[in-house]
Amino acid sequence: MDFLIPSTFAEALAIKAERPEVVPIAGGTDVMVELNFDHRRPTALLDLTRIAELTEWAPSENLLRVGAGVPYVRIIDELGDRLPGLAMASRTVGSPQIRNRGTVGGNLGAASPAGDTHPVLLACDAQVEVASVRGTRMIPAAEFYLGVKRNALEPDELIAAVHLAPAAAPQQFSKVGTRNAMVIAVCSFAVALHPEQGRVGAAVGSAAPTPRRALAAEEFLAGELSDAGLWESPKPLLDSVRRRFGELAAEAASPIDDVRGTAAYRRHALAVLARRTLGWAWQDYCGTGETRSQSCA
Amino acid sequence: MSKSAPVRTPTDLTSSVAGGIGASPQRPDGNLKVRGEFAYASDLWHEDMIWGATLRSPHPYARIRSIDITEALKVPGVYAVLTHSDVPGKNLYGLEHPDQPVLAVDVVRYQGEPVALVGADHPETARRAMERIAVDYEVLEPVVDMEDAAHGRGTPLHPGGNLVRHVPIRHGDQQVTAEVVVTGEYEVGMQDQAFLGPESGLAVPGEDGGIDLYVATQWLHVDQKQVAQALGLPLDKVRLTLSGVGGAFGGREDLSMQVHASLLALHTGKPVKMVYNRLESFYGHVHRHPAKLYYEHGADRDGRLVYVKCRIYLDGGAYASSTPAVVANAATLGVGPYDVPNATVDCWGVYTNNPPCGAMRGFGAVQAGFAYESQMDKLAAAVGLDPVEVRIRNAMHEGSLMPTGQVVDSAAPVAELLRRVKDKPLPPVNRTEPVDIREMPGGASNTTHGEGVVRGIGYAVGIKNVCFSEGYDDFSTARVRVQVIGGELSALAHTAACEVGQGLVTIMQQIVRTELGVERVTIAPMDTTIGNGGSTSASRQTYVTGGAVRSACQTVRGRLFELAARKLGVDAVGLSLHGGKLVSDLHGVLADLVDVLGDDVVDETVEWRHRATESLDPVTGQGNAHVQYGFAAHRAVVDVDVELGLVKVVELDCAQDVGKALNPEAVLGQIQGGSAQGLGLAVMEEIQTSGGKIRNPSFTDYLIPTVLDMPPMSIDVLELADPHAPYGIRGVGEPPTISSTPAIVAAIRAATGLALTRAPVRPEHITGT
Ligand SMILES: Cc1cc2nc3c(=O)[nH]c(=O)nc-3n(C[C@H](O)[C@H](O)[C@H](O)COP(=O)(O)OP(=O)(O)OC[C@H]3O[C@@H](n4cnc5c(N)ncnc54)[C@H](O)[C@@H]3O)c2cc1C
């Protein structure tokens with residue numbers, strides 16, 4: 001097995017064009033497990049960790065461009081205020097060791113339905129920047145996940161970055177696992193308020209072949225919020241609204257019974273997670289201004 | 001006789017630490033382990049070694065029509081491909097009943113059963129060759145129901161049928177009735193030892209046609225015997241040396257790669273290394289028996305027990321392993337640490353096509369403990385008593401009678417242990433905003449900020465036998481040598497008792513230092529050049545090997561006094577040893593031992609036995625079967641998110657009697673570790689099977705507690721000396737594993753109001769979805 005060490009992204013893309021079968025490796029926290037379990041025997045690994053372009057983040061127009069190789073620990077430490085949802089999801093990934101190595105690019109590359117960043121990327125309308133020697137294209141997160149561990153990358157493409165708007169309003173992420181740390185999601189949920197668009201982004205993880213947006217829940221809530229004029233003069237949400245949102249979020253899932261949990265439990269838990277995370281996000285939204293905190297008191 | 005010893009044997013274990021008994025010297029290997037520098041068996045290396053690999057059955061039950069190794073042999077780099085026909089000796093082994101083939105002959109009885117071996121120049125070559133071995137299986141319907149197996153229903157998997165052992169116990173009036181009756185059915189899932197160092201070892205062929213085996217094991221001599229039989233070699237041609245052991249908990253009592261690596265080494269004439277990966281490890285060792293338990297408790301209106309009736313089923317899987325002894329434990333300890341005037345106990349251990357089960361910390365007492373403690377809570381509710389009060393009313397004490405008729409003849413402070421955990425202050429409720437989510441159920445996953453969280457408190461107490469039971473000739477051999485090295489007085493202790501991480505090497509040094517007053521004590525590598533040290537299990541090594549080392553020291557001391565008497569012309573009576581000096585009761589310091597010894601070497605080997613036990617009457621289950629009993633009690637405080645079914649154990653306090661804490665820090669470590677393992681069984685640890693196949697053979701889905709799952713513990717250690725035991729000690733390792741699980745489940749019941757009759761409790765059991 002070859003171990004290829006390009007020092008620039010252009011070099012990496014050239015290799016990938018020439019040898020599309022090579023397996024990129026960033027933090028290696030998925031790749032090394034696969035090799036170890038003998039699930040995969042690549043002819044070559046393409047090491048992306050020496051490529052400076054991939055390990056940086058920077059503002060780009062109105063968005064933040066986060067390099068595919070920025071490890072979770074840096075997202076938590078450096079971007080926690082601007083990308084709170086992504087940082088929350090990053091905090092729940094693995095252990096400190098895994099968060100030191102693991103990257104969002106790797107999470108996207110693996111495209112596991114249980115990947116923790118996916119629901120956040122969906123709820124935040126993130127764009128995935130992918131590149132090849134043929135050029136660069138932006139793929140909306142909602143179009144990126146094609147199936148269990150399948151994504152929209154062409155064989156010669158690499159993930160360069162994700163682009164997200166800095167949060168203008170509260171975001172939340174929550175996941176259920178049967179251990180209090182270092183656990184793969186039994187199911188997960190992300191919610192992001194977008195007051196400027198008068199809508200809420202919502203997505204479920206680990207409860208369908210791919211991470212998914214909870215569109216019916218989003219639409220329902222957008223309607224409730226605008227009908228009652230709550231974006232402008234926020235008030236606490238009715239219990240019934242939060243509950244309905246939870247039910248609709250759970251309906252977005254098509255879970256299975258597996259060794260980590262039953263389908264019925266996943267649906268049930270998603271409804272609870274959606275209800276709670278919406279409650280926390282909305283409460284924060286109410287609390288962001290002087291007048292608002294009064295009206296929500 | 002061997003070619004040459006492999007590099008990286010764990011000499012680290014043998015270096016000297018300071019302190020006598022009652023002190024808490026640091027482990028000699030502690031720093032190395034923390035820094036990742038300790039040499040485990042998987043680090044063994046020999047210049048011209050090759051690698052062994054094991055082809056395993058993918059089916060829980062199948063007939064083997066044929067095995068074709070032709071293509072595998074053609075792979076470049078392959079030295080040997082072996083099947084059952086290459087086993088020169090007896091192709092059957094086992095701890096109690098030799099019923100397990102070294103390599104399967106015409107049938108496989110569990111998924112993962114070894115079928116063929118490959119020796120190759122590289123692990124990858126071996127793997128590729130394995131893929132080219134063609135095994136033609138006729139897949140059969142697996143036997144998976146333990147109750148059917150116990151009662152003669154279903155295909156017999158072994159010549160004698162599927163019952164491995166039935167132990168009945170009949171104690172007192174079998175017809176008695178009671179005013180208050182509570183019944184329950186319970187289930188315990190299959191727990192794994194989850195030791196972090198996988199099975200591994202190195203077999204080096206000797207010039208005498210024998211074998212030198214460096215291996216991570218729990219019992220060198222029982223391995224030696226089984227390996228010799230399988231290889232058709234006399235015992236003295238099979239020499240074992242303990243290598244660095246990365247945890248055991250019972251999972252290394254049975255053979256794994258020992259015979260396989262030796263076979264390959266003898267066939268190829270080359271040193272052969274075998275290391276399982278995590279996946280293989282889940283198939284490569286026995287697990288804790290899953291259990292189904294039916295209980296009925298009868299009591300008077302004051303909650304005093306009148307009788308206990310129970311039926312316990314233990315699924316031993318495909319081969320016997322230590323099932324017979326596990327059955328005896330579950331039966332004899334089946335009613336718990338209580339005064340039970342009348343008892344009817346039946347326990348069955350069976351063969352199925354599930355993964356083989358055998359020894360694991362707690363050994364039968366864990367499964368029974370979950371059921372009888374759940375029953376005590378039910379009884380408390382039925383008679384309107386506090387759960388601690390009902391236990392104290394029935395608590396056994398010194399002089400109590402076991403259902404086997406055995407009198408408990410040393411301290412049994414059951415009531416005291418319960419009072420102690422009950423009297424500890426309770427932790428505050430974590431509801432102050434903003435909550436630290438790491439303190440909440442769901443922890444780092446941000447599932448609740450307090451919503452749905454209900455606190456619960458639960459209690460449990462347990463009983464465990466210490467040492468080997470039922471008339472087993474349980475002994476250990478120790479050799480102690482004293483001499484002057486480089487002008488300094490030095491002692492060496494040598495046994496074959498395995499250090500598996502529990503700290504025996506530290507204890508042995510402490511004993512020698514205390515008994516002989518010698519500062520510089522080293523421990524010889526554990527190997528089979530000395531006699532049997534017995535198993536590192538049943539909480540027995542400090543008791544038995546500690547007893548043997550003390551006894552050897554006493555013999556050595558006698559020899560030193562004789563030597564002094566001869567050389568100094570003093571009376572050998574009234575002498576003692578202090579800080580390297582020979583002291584007389586009458587005349588004070590007589591001489592430096594260094595001078596007394598000169599060039600002489602005093603070297604003594606003893607075999608030491610604890611008092612004998614008896615077998616159980618096969619019909620009534622009566623008999624003085626056990627050596628000693630150990631007790632621990634826990635109070636668990638949990639926060640349960642009742643909407644999501646997630647649990648945070650907030651506190652897990654413990655009180656345990658250890659007789660005498662030879663190394664108080666090590667005692668705490670055992671209690672913490674045992675409690676954590678019990679926590680795992682309470683809320684997450686289970687090997688899930690379906691049709692005999694393991695569904696979660698990895699640490700991705702076999703979850704063990706992390707630091708965010710295991711709370712800090714407040715521990716009370718009682719030291720009520722057992723007059724029958726060396727230094728009064730009582731085995732420490734297992735009792736905390738027994739009471740921790742039922743205490744936590746009781747706390748979850750208290751928070752949720754649910755019956756929760758199965759361990760581990762899964763979120764679905766709490767949410768009902
Ligand atoms: C102990 C442990 C715990 C874990 N816990 C979690 C958890 O809680 N939540 C979770 O979501 N995940 C978890 N994971 C999985 C893993 O850590 C994450 O998926 C992580 O994001 C992977 O990032 P990485 O940089 O290590 O990826 P790598 O392993 O390097 O790569 C993963 C995949 O992405 C591809 N890839 C990487 N970079 C690129 C790129 N720039 N362009 C194209 N393809 C690319 C690789 O070829 C590979 O297919 C855990 C893993 C381990 C070992």
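Two strands pair if DSSP finds at least two bridges between them. Keep that in mind as we walk through this structure, which is a predicted model.

Let's start in chain B, with strand 26, which covers residues 628-641. On one side, strand 26 of chain B has strand 27 of chain B, residues 646-657, as an antiparallel partner, and the two are joined by 10 bridges. To find one of those bridges yourself, go to B:A633, whose partner in strand 27 is B:A655. Strands 26 and 27 of chain B form a hairpin with 4 residues between them, and there B:G645 has a positive phi near 75°.

Strand 26 of chain B has another partner too: strand 18 of chain B, residues 453-466, pairs with it over 14 bridges, again in the antiparallel sense. A handy place to look is B:V453, which is bridged to B:D641 in strand 26.

Now hop over to chain A. Here you'll find 11 helices and 14 strands. Chain A has a radius of gyration of 19 Å, close to the 19 Å that the globule rule gives for 297 residues, so it is as compact as a globular protein of that length. Its C-alpha trace spans about 60 × 45 × 30 Å along the principal axes. Of its 297 residues, 51% count as buried. Among contacts in chain A with a separation of 6 or more, 65% are between residues 24 or more positions apart.

Finally, look at the ligand. It is surrounded by 29 residues, and the closest are A:A26, A:G27, A:G94, A:G106 and A:G109. Which element of chain A gives the largest share of this shell? That is helix 6, with 5 residues. Strand 2, helix 2, helix 5 and strand 10 of chain A are also among the elements that each supply at least two residues.

Terms used:
Residues are numbered from 1 along each chain as its sequence is written. Chains are lettered from A and ligands numbered from 1 in the order in which they are written. This is a predicted model: local features need pLDDT of at least 70, side-chain atom pairs count only at pLDDT 80 or more; totals for chains, interfaces and linings use all residues. A residue is buried if 20 or more other C-beta atoms lie within 10 Å of its own, exposed if 12 or fewer, and partly exposed in between; C-beta atoms are placed from the backbone. The radius of gyration is taken over C-alpha atoms; the globule rule is 2.2 Å times the number of residues to the power 0.38. Two residues are in contact if their C-beta atoms, placed from the backbone, lie within 7 Å. A residue is near a molecule or strand if its C-beta atom, placed from the backbone, lies within 6 Å of it.
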